[in-house]
Amino acid sequence: MEETYLLNVEGVKKKILHGGQGELPKLQDGSKITFHFQTLKDDFERTVIDDSREAGIPMEIIVGKMFKLEIWETLLSSMRTGEVAEFWCDAIHTGMYALVSRGMRRIAEGRDPLEGQKHRCGMGNMFDYHSTGYDDLDELQRTPQPLIFIMELFRVEEPSAYKRDTWAMSKEEKLAAVPVLHSEGNRLVLRKEFGQAAAKYQEAVICLRNLQAKEKPWEDGWLKLESLVTPLVLNYCQCQLELGEYYEVLEHTTELLQKHNDNAKAYFKRAKAHAAVWNEREAREDFLRVAHLDPSMAAAVKKELKQLGERMRKKHVEDRKRYQGLFQPPQGL
């Protein structure tokens, strides 16, 4: 089945390749659209630029969340569930595609889609992209051109029908979600479900970091958010200590202490992680710094230092026995 017609949008043509079912979905702000897409050049070879099936997972966008390629919402709103359609879009609608594709490719590669962007408004960031890092996208950025999008619509979910991803939340929704996630994490810790608790703390941190990215570092708004981030990171590190992920604790506590070098709790958790991986000198230095910063923790520090000394002596005895065995001649010689 193929039917070609014009949408009520200048510079867009649609061809239905496979019909869908039901009525056209009623989209509203917050609706989640799940679909596969393929992007092609409008050339003789119909050169493929991107294909979501290669990544193995379909694309998702949230209606009304300022997705950089606004024309996609228009295209998808003309489709029924299960429909496959081909859209030709003039260059007036595709000028931002290089930046959108760059972000999607970075996500698929497990990289930060905002990596390299400066703390500036959206228009300012456009001029920072001298190169996208991908030759084919650089070409599109230099010379915007018509593109072909082949889309398969899987489903449209109302805002109340799915769990909102943090990136899709508004500022108010993120701020409201943080104390809920914090409380859920604490509840899971009491049940000793440390892996699930860590995931809750991490999600809360992501909410706050997303908000911080829109603030100027070290100004009031940024500092207020940072004061919420710090206890969540410490709780996350405590879960990782319980799970034996000591090097992750070292990474996160060190990063925290680079900004807050007077945080006794961060030093304490880092000291425990150092002790667990036999970094005796570093552990002792951090424990002593804890006692200096917070005298109320002196008793806990004394206990940890005693345990550290006992573990290290035991390790030295075992090491000596092991190395002595290496140099003993075989019996009978």
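Is E184 buried, partly exposed or exposed? At 24% relative accessibility, E184 counts as partly exposed. On that scale, buried means under 20% relative accessible area, exposed means over 50%, and partly exposed is in between, using a 1.4 Å probe and protein chains only.

Okay, a quick word on what we're looking at. This is a predicted model, so to speak of local features we need pLDDT of at least 70, side-chain atom pairs count only at pLDDT 80 or more, and totals for chains, interfaces and linings use all residues. Residues are numbered from 1 along each chain as its sequence is written, and side-chain values use heavy atoms, with hydrogens and water left out.

Back to E184. Its side chain meets that of K200 in a salt bridge, at 3.1 Å from N to O. K200 sits in helix α8 (residues 194-212) and E184 in helix α7 (residues 171-190), so the pair ties together parts that are 16 residues apart in sequence. K200 is partly exposed too, with a relative accessible area of 22%.

What do I mean by a salt bridge? A side-chain nitrogen of Lys or Arg lies within 4 Å of a carboxyl oxygen of Asp or Glu. Side chains of opposite charge can pair when their charged atoms come close.

How many salt bridges does a search of the whole structure find? It finds 19. Let's go to helix α12 (residues 280-293), where E280 and R284 lie four residues apart, about one turn of the helix. Those two form a salt bridge, with the closest N and O atoms 3.3 Å apart. E280 is partly exposed at 25%, and so is R284 at 30%.

E282 pairs with R281, again with the closest N and O atoms 3.3 Å apart. Here E282 is partly exposed at 27%, while R281 counts as exposed at 53%. There's also a network of salt bridges linking K32, E60, R155 and E157.

Last stop, helix α6, residues 135-142. Which of its residues are buried? They are L137, D138 and L140. Covering the buried residues are parts including β4 (48-51), α4 (97-108) and β7 (147-157), where contact means heavy atoms within 4.5 Å.

Key: Helices (H or I, at least four residues) and strands (E, at least two) are DSSP runs, numbered from the N terminus.
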